[in-house]
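Please open the structure in a viewer and follow the stops below in turn. Each stop says what to select and what is to be found there.

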Amino acid sequence: MEEDGIDQKRLFEGLEITPDQFAKDDYRINFEQHKKFIKNAIYMTKDPHLGWRFGKQINITALGTLGYAVMASDNVGSAIRTLSRFFKLRAPSYGLELTEQSARSNESILLVNEEFDFDEIRYFKLSVVVSAFDHIFKFLTQEKNYIRGVEMTCNEPAGWHQQATLIDYPVRFATSATQLFMDAEFLKRPMPTADPDTAKSTKHICQ
């Protein structure tokens with residue numbers, strides 16, 4: 001957002017913290033400050049779909065040790081299971097759960113659970129998770145169309161028909177759960193960065 005010319009100070013209006021505090025690795029903000037910051041960002045960018053764009057800025061290295069454990073997994077299914085198991089280390093506001101095979105035998109499902117009531121920032125938060133997940137696994141596997149569809153618990157946002165043209169898969173809103181539907185065969189795909197020793201040591205650290 002700074003690269004887009006947005007004044008950093010205005011992003012912190014109403015938060016009662018300074019940019020210097022925010023930049024410190026050991027500084028913690030509460031959930032209300034978190035919500036206010038996101039609302040400020042959406043207002044300043046005038047982009048109600050900011051979450052999709054932000055998700056694409058999240059790389060596997062942002063997950064720290066968990067990222068290395070994911071990369072070192074032997075196949076995509078193992079990588080997603082590791083990500084789901086330890087995801088709260090990096091994002092405690094979500095829970096991930098992988099179903100290897102749905103009622104439709106050619107699909108697997110990643111369920112995204114909200115650990116807090118996201119309320120008015122629900123669309124932003126959920127679109128970040130979906131976008132980041134898609135971005136990371138496209139990067140790791142070079143597979144372009146492994147997601148068959150997405151369902152989100154939030155209501156359809158205004159102007160969605162324009163944003164939908166930028167998304168590679170159909171998205172349904174106001175559903176009972178947030179889910180990513182993937183090709184079941186995708187989970188069997190070997191990870192190019194598989195390394196059994198690294199996988200073992202990094203999972204131990206995460207545990």
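**A first stop in strand β1**

Select Leu96, which is found in strand β1. The model is a predicted one. Is Leu96 buried or exposed? It counts as buried because its relative accessibility is 11%, and the cut-off for buried is under 20%. Now display what surrounds Leu96: apart from neighbours within four places in sequence, it is in contact with Leu83, Ser84, Phe87, Leu110, Leu111 and Val112. For a sense of scale, select Met44 as well; it lies 52 residues from Leu96 along the chain, and the two C-alpha atoms are separated by 30 Å.

**Confidence**

Colour the protein by pLDDT before going further. The average is 92, and 98% of the residues score at least 70. Which element has the lowest confidence, and which the highest? The lowest mean, 85, belongs to helix α1 (residues 8-11), while strand β4 (residues 171-172) has the highest, at 98.

**The sheet**

Next, select the strands. Five of them form an open sheet, in the order β1-β2-β5-β3-β4, with mixed pairing. At the edges are β1 (94-99) and β4, each of which pairs on one side only.

Follow β1 to its partner β2: the two run antiparallel and are joined by six bridges. One place to look is Glu97, whose bridge partner in β2 is Leu111. Then continue from β2 (residues 107-114) to β5 (residues 178-183), which also run antiparallel and are joined by six bridges. Here Glu107 has Asp183 of β5 as its bridge partner, and Ser108 has Met182 of β5.

Why is β2 described as largely enclosed by the rest of the structure? The reason is burial: six of the eight residues of β2 are buried, so the strand is largely enclosed.

**Helices on the sheet**

Gly55 is buried, because its relative accessible area is 0%. Which residues does Gly55 contact, leaving aside its neighbours within four places in sequence? They are Val128, Ser131, Ala132 and His135. Phe133 may be selected too: it is 78 residues from Gly55 along the chain, yet the C-alpha atoms of the pair are separated by 7.9 Å.

**A pair of helices**

Now select helix α5 (residues 65-72) together with helix α9 (residues 196-206). Two packed helices are described by the angle between their axes and the distance between the axes. For this pair, the angle is about 145° and the axes are 8 Å apart. The crossing of α5 past α9 is left-handed. Show the side chains to find the residues that make the contact: Thr65, Leu66, Tyr68, Ala69 and Ala72 on α5, and Pro196, Thr198, Ala199, Thr202, Lys203, Ile205 and Cys206 on α9. Sorted by class, the contact has eight nonpolar residues, three polar and one charged.

Stay with α5 and turn to burial. Six of its eight residues are buried, so α5 is largely enclosed by the rest of the structure. The buried residues of α5 are Leu66, Gly67, Ala69, Val70, Met71 and Ala72. What covers them includes α6, α7 and α9.

**Two loop residues**

The tour ends in the loops. Most residues other than glycine have a negative phi, and most peptide bonds are trans. Select Lys46, in the loop between α3 (31-45) and α4. Lys46 has a positive phi of about 55°, although it is not a glycine. It counts as exposed because its relative accessibility is 71%, and the cut-off for exposed is over 50%.

Finally, select Asp119, in the loop between β2 and α7. Asp119 likewise has a positive phi of about 55° without being a glycine.

Key. Residues are numbered from 1 along each chain as its sequence is written. This is a predicted model: local features need pLDDT of at least 70, side-chain atom pairs count only at pLDDT 80 or more; totals for chains, interfaces and linings use all residues. Side-chain values use heavy atoms; hydrogens and water are left out. pLDDT is the predictor's confidence in each residue, from 0 to 100. Helices (H or I, at least four residues) and strands (E, at least two) are DSSP runs, numbered from the N terminus. Two strands pair if DSSP finds at least two bridges between them. Axes are lines fitted to C-alpha atoms, for helices over the stretch in contact, and angles run from 0 to 180 degrees between N-to-C directions. A crossing is left-handed if the near helix is turned anticlockwise from the far one by less than a right angle, and right-handed if clockwise. Contact means heavy atoms within 4.5 Å. Ala, Val, Leu, Ile, Met, Phe, Trp, Tyr, Cys and Pro count as nonpolar, Asp, Glu, Lys and Arg as charged, and the others, Gly among them, as polar. Buried means under 20% relative accessible area, exposed over 50%, partly exposed in between (1.4 Å probe, protein chains only).
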